[in-house]
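My notes follow in the order I made them.

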Amino acid sequence: DVQGAIDPDTAPLALANPIASDMGVMRTSIWPGLLQTALHNRNRQQERVRLFELGERFRPDAHGGLAQTDGLAGLALGPCWPEQWSRATRPSDFFDVKGDLEGLLAPLDGDRFRFVAATHPALHPGQSARIERDGSLIGWIGTLHPRLQARFDLAQAPILFELELEPLLEQPLPVFQPVSKYPAIRRDLAVIVDESVPVDAILESVRAAGPAELRDAFVFDEYRGKGVDSGRKSLALGLILQGLSRTLTDEEVEGASNEVLACLRSTHGATLRE
């Protein structure tokens with residue numbers, strides 16, 4: 001059945017008197033319903049489908065009982081944007097939905113959330129990730145597995161996500177931060193690291209090593225090729241530093257850059273690209 005294909009590792013609770021043959025068990029995931037709804041829409045000439053559902057899942061707990069949890073799930077299928085004259089269309093992809101989720105999680109103390117590459121039986125290998133908060137699994141995101149895409153007879157694989165609802169309800173109170181009247185200073189670093197090192201891990205180390213004046217850190221370029229050894233990649237980092245009470249000196253900015261580089265060197269084996 002669809003439920004078993006989506007979540008084969010979880011044994012659902014069978015119903016004694018189901019109302020339909022395809023509704024004989026309590027659902028362990030919201031995805032089966034979203035996929036069937038997407039197929040229903042595509043069969044009626046709806047090319048661009050966006051769905052979400054807040055609902056309950058029923059999974060066995062550690063004590064042999066049944067745990068009822070609330071979840072938030074979504075699906076994107078078809079063109080990324082509605083048809084229009086000013087922009088060429090393209091299919092929605094993993095990163096479109098990941099960006100939507102990052103926007104959803106940002107007000108919820110977004111630095112606590114991480115997308116970690118991992119495999120799920122219902123998702124495409126290499127196009128799926130665990131969603132973690134403070135290191136704990138709270139959900140999944142990914143492209144539907146080709147096996148399930150063929151089963152649903154979909155010309156394009158949809159992008160799916162599913163999250164535990166409870167962590168999203170812990171809304172932090174906003175805290176005022178003064179706006180500095182002093183100029184921000186940008187420093188760029190190009191570092192070479194192993195191919196396997198995730199960008200998120202690099203940025204996490206940069207923020208941990210940077211001083212209080214580090215306002216932002218981001219990756220704006222990724223390079224592989226001439227001048228970079230096989231199995232390595234070059235990442236261009238942008239560091240934004242700004243003082244609240246005074247303009248930072250060149251020596252302070254240089255010192256902060258060196259601290260970040262030293263941390264990346266010791267933590268990830270990074271080298272400075274000349």
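Entry 1. I started with a linked group of charges: Arg57, Arg59, Glu162 and Glu164 are joined in a network of salt bridges. The model I am reading is predicted. I looked up the total next, and the structure holds 17 salt bridges. The general point I kept in mind is that side chains of opposite charge can pair when their charged atoms come close.

Entry 2. I looked up Asp134 and found a salt bridge with Arg112, with 2.5 Å between the closest N and O atoms. This pair links distant parts of the chain, 22 residues apart: Asp134 lies in the loop between β4 and β5, and Arg112 in the loop between α3 (94-105) and β3 (113-117). I then asked how accessible the two partners are. Asp134 has a relative accessible area of 48%, so I noted it as partly exposed. Arg112 is also partly exposed, at 31% relative accessibility.

Entry 3. Arg114 was next, and I found it in a salt bridge with Glu204, the closest N and O atoms being 3.4 Å apart. Here too the pair links distant parts of the chain, with Arg114 in strand β3 and Glu204 in helix α5 (residues 199-209), 90 residues apart. Arg114 comes out at 23% relative accessibility, which counts as partly exposed; buried would need a value under 20%. Glu204 is partly exposed at 43%.

Entry 4. I checked Arg186 and found a salt bridge with Asp188, where the closest N and O atoms are 2.7 Å apart. I put Arg186 down as partly exposed, at 40% relative accessibility. Asp188 is partly exposed as well, with a relative accessible area of 42%.

Entry 5. I turned to helix α2 (residues 31-42) and checked its length. At 1.5 Å a residue, its 12 residues should span 16 Å, and the end C-alpha atoms are 16 Å apart, so the two agree. Which residues of α2 are buried? I listed Trp31, Pro32, Leu34, Leu35 and Ala38. Viewed down the axis of α2, these buried residues fall within an arc of 165 degrees, so they line one face of the helix. As background, an α-helix has 3.6 residues a turn, so residues three or four places apart point the same way.

Entry 6. Last, I looked up what covers the buried residues of α2. The cover includes helix α1 (2-6). It also includes the strands β1 (49-60), β2 (66-77), β4 (123-133), β5 (136-144) and β6 (159-164).

Terms used
Residues are numbered from 1 along each chain as its sequence is written. This is a predicted model: local features need pLDDT of at least 70, side-chain atom pairs count only at pLDDT 80 or more; totals for chains, interfaces and linings use all residues. Side-chain values use heavy atoms; hydrogens and water are left out. Helices (H or I, at least four residues) and strands (E, at least two) are DSSP runs, numbered from the N terminus. The expected span of a helix is 1.5 Å times one less than its number of residues. Buried means under 20% relative accessible area, exposed over 50%, partly exposed in between (1.4 Å probe, protein chains only). The arc is that of the directions from the helix axis to the C-beta atoms. Contact means heavy atoms within 4.5 Å. A salt bridge is a side-chain nitrogen of Lys or Arg within 4 Å of a carboxyl oxygen of Asp or Glu.
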